[in-house]
Amino acid sequence: MTASTLLIAVPVAVPLLAAGLSLLLSPFPVVQRVLGVTVLAAVLLDAAVLLVHVDRSGTQPLHVGGWEPPLGITLVADRFSALVLLVSALVCLVVMLYAVGQGTAEQRVENVPSVFHPTYLVLLAGIALVFLTGDLFTLFVGLEVMLMASYVLITLGATAERVRAGMTYIISSLTASILLVTTIGLVYSTTGTVNLAQLSEATADLSAGTRGLLGLLLLVVLGIKAAMVPLHWWLPDSYPTAPVPVTAVFAALLTKVAVYAIVRTQTLMFPQPEPWTLLLVLSAATMLVGVLGALVQDDVNRLLSFTLVSHIGFMLFGLALSSVAGLTGVVLYLVHHITVQTALFLVSGLVERERGTVSLRRLGGLASTAPLVAALFLLPAFSLGGVPPLAGFIGKLALLQAAVARATPLVLAVAAVVLLASLLTLAAMTRLWLLAFWRHPAEPVAESPAQRAGEGEIPLASARLMRASAAAAVLVGLLLVAAAGPLAAFSQRAAADLADRASYRGAVLSGEAG
């Protein structure tokens, strides 16, 4: 095994092996904790080295077991997959540290040891497999590994509310999975392969009607997982009830994994020579429905969940432009959105710890009693709203520049929706911050859970670890601003890779690094 193939294998294999070991170590939560953090740090380091390697050497394949396509499983690392893998590993590490501080990671139900650590590692392995896979069936397997872990995590604690919300999430996900595997079967029956590199050639030989139908089916089934309007019904009711670290990692990664799959499959299998009308309309609907829903919410986590739906539309808009500039905007916005959602949900957890609620009707005055929490929330909130020079502004600017370059009437109309949705997002986040942090509380402030429990039951070190983890998530967003130039240049190279199907085929099928 070469160094290149080892770098590709580690993010999938090591977390899976460590998950089994972690399960055996259930009676020793401290050892579990050390193992989990160590594995996440190792995957983060591996992803960083892999990113540098593919940027210098081009797309790198790994044929598992030495079996070439179409018989074997192929993993592929290019600039796009390496970048999202690096950001995802970083987010997973930050959330893990927050969970350790909060105690989520070691909570027991009726003396049954917590399964958080092994399940969380399986989740990471599934995410990494989706990012690195080079064929449709392994993409399905990666999504299922990720979703099976998420079914366990979303019902941790097993309250009636969480089980009800978990049922909505599980039924929606299973429905999408059945439709996805059916669609993959249709693709195989018409082309004779599920390898993405081979499909990039085979789909070109199909009739326009068959190619359009298969492309639409893949968009719809992956759109359910990405919460694209009108397929978003499950998300606002599912995420807010889970434990804070679980909600944070779900909001940051699960829908973005589906967006990644949409971008990967559509650019390789069904490239559009002109702006894609259907996806432009769906992206505009997703932006508007999500942000309008956010404006009427009185619960911090539900409000953030609706903005999550809305901003999926921004990424779909970049894909719909069908240009390298549009894909550059998608890559930039994807990275920004992963980090900003993590930060907002982790800080929301700090708010709940301070006041015991996330209801905007009962919050208020946190800017004076918890100024650090108020500042930590304000920065990503402004970034989500697109305030210059924060990362959200950079992503939106890239998308709008790509839209101007296309300049068809429909593209410009949806670009206007991008501006409107950005302003409404800023209005929603400003309202949230003013109600939760600035105004006087509408009701007398009760003692926080921390105050009621006393410092003896909530160690100061744990509280500091939670704050430090949330601050680290905010800091990552600021680092994206500091590195805006190199990040934009890298994103442009990653977008060019996505548009260059011949180079991808050459790297996977012939070993010619693109």
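**Close-up views of a predicted chain**

**View A. H336 sits in helix α13, which covers residues 324–355.** A helix here is a DSSP run of H or I with at least four residues, a strand is a run of E with at least two, and both are numbered from the N terminus. The model you are looking at is predicted: local features need pLDDT of at least 70, side-chain atom pairs count only at pLDDT 80 or more, and totals for chains, interfaces and linings use all residues. Residues are numbered from 1 along each chain as its sequence is written, and side-chain values use heavy atoms, with hydrogens and water left out. Is H336 buried or exposed? H336 counts as buried because its relative accessible area is 2% (buried means under 20%, exposed over 50%, partly exposed in between, with a 1.4 Å probe and protein chains only).

**View B. Around H336, look for S383, L384, A391, G392 and L480.** H336 touches these residues, leaving aside those up to four places away in sequence; a contact means heavy atoms within 4.5 Å. With G392, a polar atom of the H336 side chain lies 3.4 Å from the backbone nitrogen. This is a polar contact, a pair of N or O atoms within 3.5 Å; within protein, one atom must be able to donate a hydrogen and the other to accept it, and residues adjacent in sequence count only if both atoms are side-chain atoms.

**View C. R467 belongs to helix α19, residues 460–482.** This arginine has a relative accessible area of 28%, so R467 is partly exposed. Which residues does R467 touch, not counting those up to four places away in sequence? They are L350, R353, L372 and L376.

**View D. Two cis peptide bonds are shown here, V229 to P230 and P388 to P389.** Most residues other than glycine have a negative phi, and most peptide bonds are trans. For V229 and P230, omega is about 10°; P230 lies in the loop between α8 (208–226) and α9 (235–238). For P388 and P389, omega is near 0°. You can find P389 in the loop between α15 (371–385) and α16 (391–406).

**View E. A227 and A407 have positive phi values.** Phi is about 65° for A227, which is not a glycine, and near 55° for A407, also a residue other than glycine. A227 is in the loop between α8 and α9, whereas A407 is in the loop between α16 and α17 (409–438). A407, at 43%, is partly exposed.

**View F. Stepping back, the chain has 21 helices and 2 strands.** The C-alpha atoms fill a box of roughly 70 × 55 × 40 Å along the principal axes. Buried residues make up 60% of the 514 residues. Among contacts between residues at least 6 apart in sequence, 80% join residues at least 24 apart.
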